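Work through the exercises below with the sequence and the model open beside you. Each task is followed by a solution in steps.

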Amino acid sequence: MYDFPILSITWLLPIAGALLITMLPRTQEGMIRAVAAACTLGSLVLSLMVCFGYDPETGGMQMTESIPWIRDLGVNYALGVDGISIPLLLLTNLIGFSAVYASWHTEERVKEFFVLLLLLISGVMGTFIATDLFIFFLFYEVVVIPIYLLVIMFGSSKRVTKEYAGMKLTIYLLIGSAFLLVGLIALFVKGQALLGFPTMDIGTLAGADFPVAFQVFVYCLIAFGFGTLLSMFPFHAWSPDGYAGAPTAVSMIHAGVLKKIGGYGLIRIGLLLLPAGARYIAPLIAILALGNVVYAGIICLAQKDLKYIVGYSSVSHMGYVLLGIASVNLISLNGAVMMMFAHGVMAALFFAMIGNLYHQSHTRNVSDFGGLAHQMPRLAVGFMLAGLASLGLPGTVNFIGEFTIFVGAFGIYNVLTILAISGIVITAVYILRTLGGVLFGPRRSEWDHLQDLHGVDLVPLLVLGAAILIGGILPFTLMDIIQSGVGQLLGQIGPGQIGGIF
Amino acid sequence: MNYHLLGPEIAVATLGLLILAISLLLPSRGKSTAGYLATAGLIAVLMAVIVNFSQEAVFFAGVYQIDRYANYFRILFLTAALLIILMSSRYTSLFGERKSEWFSFMLFATAGMMIMVAAGDLITVYVGLELMTISFYILSAYLLNDHLSAEAGLKYLIIGAFSSAVLLFGMSLVYACSGTTVFTEIYDALRAGPQRPALLAGMVMMIAGLGFKISAVPFHMWTPDIYQGAPTPVTAYLSVASKAAGFAVLVRIFLLAFPAASWDWHLALAVLAALTMVIGNLTALVQTNVKRMLAYSSIAQAGYILVGLIAANTYGLKGLLFYAMLYVFSNVGAFAVTALVEVEEGSTEREAFNGLGRRAPMPAAVLTICMLSLAGIPPMAGFAGKFYLFSGAIQAGYLWLAFIGLLMSMISVYYYLNVAKAMYIGTSRQEGLITLPFPVRTALWICLAGTIFLGVYPGPLSELTELAVQLFSAV
């Protein structure tokens, strides 16, 4: 417990940095980078303090802040963290900090780049700590526009142009959020009718006894909105193109944390406010999850571009998260939250390594490379670490997530779970084949000019790599926190029967 | 009688006449004086209205009503007029010798709007409306040597006169059915009397006449041509203030004069609003001229605002007032940057915006943020406005309308972002920074601050709108 508004400071630091950078002259590029690095480091330290200051014994929302904001809508500027939001807050800051270093070599329009990047990081953080629906949505959509501008200004055009990628990503997410917004307003209006006073506080709204038919309807809306963000099959098409067009830092943040807002929303808003609706739709979500795991996995086998491989693989892995959410029990939800954390650090590390390689070689085709471990041993370590985490090797944090999800889901959907486990095999095929092709084999002299990771380039590898290994070997701290959050949530919604839609 | 409450209208009209006189008497037609005088005068009047916000009075047996609702809109018009005069400090050089009269007509239009919103009977509404519209006929054609501007003026004159005739005919039918032109008396007369087809026809015609002013589909046909042809500051004023005045009158008449029983106009308006949102947004998608695109976008915005009247509950009406106010900041901001580009590049095609992000970073940022506000992206003001409007709609049972509105506003992001794309990754033929005159810079900062502040902290304005709509809580 701290006696200063730690959460506000955490999300405001990057904003302050962005404001500071707008005032710096354009030519002071070193200074601009330093400010960005300092702000994200500050946020990272603060979020670690949140993580260790949180008391899982007591549970519930802690370090709360609340200021009345819009009286007649019942909106409060309310922040707080519980076991579900802490891992994601930590994840955001791990990746945000690494993303600044991964884009250290940005040369053009440095000022605009870091201003937008800091706004983006700040917005993502806000969604995980807001406990008021209105404030949540405010943060949720803030992120869309910096991403668009970052993609079109700093992205790369390969299979699709960056303009196309940026617009596709933006429109997909915004259409999804239109449905989400209708759902949230409906929740607000109905909540006001049931409770007798307007409120946007998630905890208070959870106390309203929404009729089942209403819950199903609204859950459909928000599952569409959050599902699009989570790249739920069949609304995933924006994701590979978007990542391919985006600059490294955006790919890292997008695949690493932004998608997780979808999963977080499905749990925090979907499950907590609309438990009956969530359970009713759950089997459908589980089937779509299988679509993610298997369909995207198979597409991945045919990809040649490194970014597309990681892009489709991230769609595929989100299937596990969805399966965990659709099973609605303690173990599976623990796994889903853990998996979101694990996938985040892994995907971010992957994109950081690809970004570094692409920056020097200007190609991302697997077939163009070979034997890179000779020239770039450290980069190879990064690739291997991310790759092995991706296929869920024990000892990495991803193993903990996937294993827990499968254990939790098996009791509910036996057949679907077994089919989903096949995803691990598919992942192993494309990941090992790619890593083998890129890193190993005979030395190729055309890549002798490539420089291995050195200096600041090592930061993403060290930070994210450490997170993967520490999380994999010592998962207890994080798991205890997650369990306290999920346990409390399940206690609040009470028991219920899954299914009904079929 | 607190006749000093009529002061603002009198002051604005006098100021207009004064500037007209000055332009005849002073050397070089008082070009430099007129602008300062108009600005200072408007600021003074605005302060007076804000100070007297809560004072209410009824004049001449209900013909003229100064209430909080009227005061809210007076603040809106005065703010809009001020911003427009500030933003056009460079643009007015295009008017040459006729610059100072331009300020006069702006002030006359403002006076007309202020009369409209305070009017308590149909005739007064009409007088205010005509004062406003006739000023706009002249203003739209103000670039005499530009054939597009001349065409805009003529078109506006013909179609505007036609729509005024329709409106007046509708009013006369209402008078025939109720025997009075004062709103409150119409209400009493109609509540007692039987249902009559003539009344229905009158109401439909009034919707058509006022629908023209707010450019709701299917009465929107004039909008693109006139918005594109008229001088950019005039277009900006037309889109924010004339539209707001139309809405203010529509709300007052339909909620205070026509009892709900006489005809269920909600559904008819809901269909119009849905059409307006869909057609406005979809047509805007294919525009390549930014001014014309903003014209279609303003049609779409009219659709969103109309939702507030259809909901006719506290959230909806507050949303209507809130949205009208934020629309002033966001839309004037967008037009201010467009005017800047027009003066600089001589064109408002999208290509003219290429490279603006490098040549003028601050205006480019303002345009991006203002357009995102129009699209309803948080944390900009447009989001808070739409939240009120569509909360009202869902509360009143118009879920489908909220669906269409929110979906369309997300689609609108596409055409707004296309302009942002041109500004940030397009390459310009010209190099070097664009310098901004002080008044334009001030206007841009006010628009930016208003757009962001109202979005992040809508509380204060929302409380002001609450006071303004108390008038309708009895209905």
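**Exercise 1.** Find what share of the contacts in chain A with a separation of 6 or more comes from residues 24 or more positions apart.

Solution. Two residues are in contact if their C-beta atoms, placed from the backbone, lie within 7 Å. Among the contacts in chain A with a separation of 6 or more, 82% join residues 24 or more positions apart.

The model is predicted: local features need pLDDT of at least 70 and side-chain atom pairs count only at pLDDT 80 or more, while totals for chains, interfaces and linings use all residues. Residues are numbered from 1 along each chain as its sequence is written, and chains are lettered from A and ligands numbered from 1 in the order in which they are written.

**Exercise 2.** Describe how helix α7 and helix α10 of chain A pack.

Solution. Step 1: locate the helices, which are DSSP runs (H or I, at least four residues; strands are E, at least two), numbered from the N terminus. Helix α7 of chain A covers residues 162-195 and helix α10 of chain A covers residues 238-245.

Step 2: take the angle and the distance. Axes are lines fitted to C-alpha atoms, for helices over the stretch in contact, and angles run from 0 to 180 degrees between N-to-C directions. The angle between α7(A) and α10(A) is about 135°, and their axes are 8 Å apart.

Step 3: classify the angle. Under 35 degrees is roughly parallel, over 145 roughly antiparallel, 65 to 115 roughly perpendicular, and the rest oblique. The helices α7(A) and α10(A) are therefore oblique to each other.

Step 4: list the residues that meet. From α7(A) they include A:Lys162, A:Leu169 and A:Tyr172, and from α10(A) they include A:Trp238 and A:Asp241.

**Exercise 3.** Which residue does a cis peptide bond join to A:Pro234, and where is A:Pro234 found?

Solution. Step 1: the cis bond joins A:Phe233 and A:Pro234, with omega about 0°. Step 2: A:Pro234 is in the loop between α9 (212-229) and α10 of chain A. Step 3: A:Ser231 is also placed in the loop between α9 and α10 of chain A, and its phi is near 55°, a positive value in a residue other than glycine. Most residues other than glycine have a negative phi, and most peptide bonds are trans.

**Exercise 4.** Is A:Met63 buried or exposed?

Solution. Step 1: a residue is buried if 20 or more other C-beta atoms lie within 10 Å of its own, exposed if 12 or fewer, and partly exposed in between, with C-beta atoms placed from the backbone. Step 2: A:Met63 has 22 other C-beta atoms within 10 Å, so A:Met63 is buried. Step 3: A:Met63 is found in strand β1 (residues 62-70) of chain A.
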